[in-house]
Amino acid sequence: MSDEIAVGIDLGTSYSAVAAVTDPGGPPAVLPNEWGDFTHASVVSFLEDGSVLVGNDAKKNIITNAENTIYSAKRLIGRFFFSDEVKKAQAVMPYRILEGPNNGVRLQVKDKVFAIPEISALVLKEMKAIAETALGRPVTKAVVTCPAYFNDNQRQATKDAGRIAGLEVLRIINEPTAAALAYGFGRDISQKICIYDLGGGTFDVSILEIGKDVFEVLSTAGDTYLGGDDFDDRIMTWLADDFLAKHGLDLRQNKFCLQMLKEAGERAKIDVGRDGVADILVPGICQSPEGDVVDLAQKLTQDQFNRMVMDLVQRTFKVCDEALQSARLTAGDVDAVILVGGPTRLPIIRNSVRHYFQKDPMTGIDPDQVVALGAAIQASALLNASAAEHGQASYLLDVTPLSLRVGTVGGFTEKIIEKNTPIPIEKSKTFTTSRDGQDRVKIRVYQGESNKADGCELLGEFEFTGFRIGYRGEVQIQVTFEIDSNGIVNVSATDLETGQKTSTTIGLSSGLSAAELEQAIDHNAEMELARGPRAA
């Protein structure tokens, strides 16, 4: 048995957590920081003295140090600058979002420019530090989770973030799969379960079958534009419209006011979910043109809130329909429903889930901790080759969330791997040249369900040369897709006649070349995380 320890990290949009199995074969535990917090805001604040604050104290700086405090970086990781998600972030985020090399996304903080994986790396570095303090030993290995619907670029960028943070990422696993591991750990059960995962920024549903320590993902579906943040936005819009009607001032026109409004919206959501009513008061939210200080005061009832967000809740069940249909099951075939993510504490979510599945969701599992716990179980199993002797071995059979395609002539795509195909997998398809005398082929790789290229997401492209030059349709080129256990795609092209071959790991839309990655690792090692006495 190895003396090393590997942790599980739930790298969330809004909050992150770290867990570990300290006794081989024993249960996992979420590790607290020095102040007893088990969940930590995924927020990074750059201070005037050059140090960096990460976590719950950094979150307090979202208003007071708005331009130098980064949150919801996960919404941007692995995305292209021209994507809808980046445009949306540019409209509401107080920090500067710039275009980087290869259509990547960069953030400017003071006079420095960061790639998104560098920001996520600081959150992972904080989780590493929390684990090392709690365990009293160095931690260098981790399993890191991501939404089931993350595409290859996003998974690769998440893995890059781990490397920059000084962690060897043993595997990237899907958050719902991690939750299922935590649910099934140490229980001799054979069940079909649904993981209903509503996080801060994304919504995922996965249907799994558990039996004899085998966790098989039957299907997964998701909405990357739906999460607790969208519930906050509804309250923010309601508050801003009401304030505009009362005072003639639009709080959305000032980023400082917008941040205070966002904080108020999030607090109101939590209060109304817990108490059935939220008394909202933000003193001095802005000044009138005459210089008078104006307060924001409002009351939100449960009924008002439910009407405000019901269409968002209904959107989650369209995703559930899709996942069940793909698994060839009905809601009645599901034995247990596990809720993941803070927003699932809302009564409207729990009641709606109960109504849809005709059974009570599992309530004995902390929705904020379950993903980190599952990641820790997987980390321990991967680290300990002899884990099977301790009855701890579990086998994950995951699936690819979206179809993988190759671009063809005329802006169309050809499907190579169907969505919800078990991974790891390798699959090939043969194409021919499209014109006489062709000496090079551009292989474009897409992810999505449309047979048109503009309806899918471009993961990456590479050029294949060196094959025999011939007439149109004469030269056969075999394109092979290989998806590893992290869900990361390798693509190769081979001239079947000569054996000439070119391959690439797709993506890296995080914009980090190998040299940039090494530079980021060195830079991150130099950055000082502020871990002094807790701010009041």
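Visitor: Hi! What do the side chains of Glu474 and Arg468 do together?
Guide: In this predicted model, they meet in a salt bridge, with 3.1 Å from N to O.

Visitor: How many salt bridges does the structure hold?
Guide: There are 32 of them. One is between the side chains of Arg75 and Asp230, at 3.7 Å from N to O. This pair links distant parts of the chain, 155 residues apart. Arg75 sits in the loop between strand S7 (69-71) and helix H3 (84-92), while Asp230 belongs to helix H7 (residues 228-247).

Visitor: Are Arg75 and Asp230 buried or exposed?
Guide: Both Arg75 and Asp230 are buried.

Visitor: Why can side chains like that pair up at all?
Guide: Side chains of opposite charge can pair when their charged atoms come close.

Visitor: OK, and what about Glu322 and Lys419?
Guide: Their side chains also meet in a salt bridge, at 2.9 Å from N to O. Glu322 is partly exposed, with a relative accessible area of 29%.

Visitor: Let's switch to sheets. What is the order of the strands in the open sheet of four?
Guide: The order is S21-S20-S24-S25, and the pairing is antiparallel.

Visitor: Which strands stand at the edges?
Guide: S21 and strand S25 (457-465) do. Each has a single partner strand, so one side of each is left without a neighbour in the sheet.

Visitor: How are neighbouring strands turned against each other?
Guide: On average they are turned by 30°, with direction ignored.

Visitor: How many bridges are there between S24 and S25?
Guide: Strand S24 (residues 440-447) pairs with S25 over eight bridges, in the antiparallel sense. For a spot to look at, find Val445: its bridge partner in S25 is Gly460.

Visitor: New topic: which peptide bond is cis?
Guide: Look at the one from Ile423 to Pro424, where omega is near 5°. Pro424 lies in the loop between S22 and strand S23 (425-432), and at 59% relative accessibility it counts as exposed.

Visitor: What is Pro424 in contact with, leaving aside its neighbours within four places in sequence?
Guide: Pro424 is in contact with Ile483, Asp484 and Ser485.

Visitor: What about backbone angles, say phi of Arg328?
Guide: Phi of Arg328 is near 55°, a positive value in a residue other than glycine. Arg328 lies in the loop between H9 and strand S18 (336-340), and it is exposed, with a relative accessible area of 75%.

Visitor: And Gln358?
Guide: Gln358 also has phi near 55°, again a positive value in a residue other than glycine. Its place is in the loop between helix H10 (347-357) and helix H11 (370-383). At 62% relative accessibility, Gln358 counts as exposed.

Visitor: Now the inside. How many residues are in the largest nonpolar core?
Guide: It has 60 residues, and those with the most contacts inside it are Val7, Ile9, Phe46 and Ile97. The largest share, 10 residues, comes from helix H4 (residues 116-135).

Visitor: What does Val7 touch?
Guide: Not counting residues up to four places away in sequence, Val7 touches a list of residues including Val18, Leu135, Val143 and Ala379.

Visitor: How many residues are in the second core?
Guide: That separate core has 54 residues, including Leu218, Ala221, Leu251 and Met308.

Visitor: Last one: what is the mean pLDDT of the protein chain?
Guide: The mean is 87, and 94% of the residues reach 70 or more. Over residues 386-393, though, pLDDT stays under 50. For that stretch the model has 14 contacts beyond four places in sequence.

Terms used
Residues numbered from 1 in each chain as written. Predicted model: local features only at pLDDT ≥ 70, side-chain atom pairs only at ≥ 80, totals over all residues. Heavy atoms only, no water. Salt bridge = Lys/Arg side-chain N within 4 Å of Asp/Glu carboxyl O. Helix = DSSP H or I, 4+ residues; strand = E, 2+ residues; numbered from the N terminus. Buried < 20%, exposed > 50% of the residue type's maximum accessible area, 1.4 Å probe, protein only. Pairing = 2+ DSSP bridges. Axes fitted to C-alpha atoms, helices over the stretch in contact; angles between N-to-C directions. Contact = heavy atoms within 4.5 Å. Core = buried A, V, L, I, M, F, W, Y, C linked by side-chain atoms within 4.5 Å. pLDDT = per-residue confidence, 0-100.
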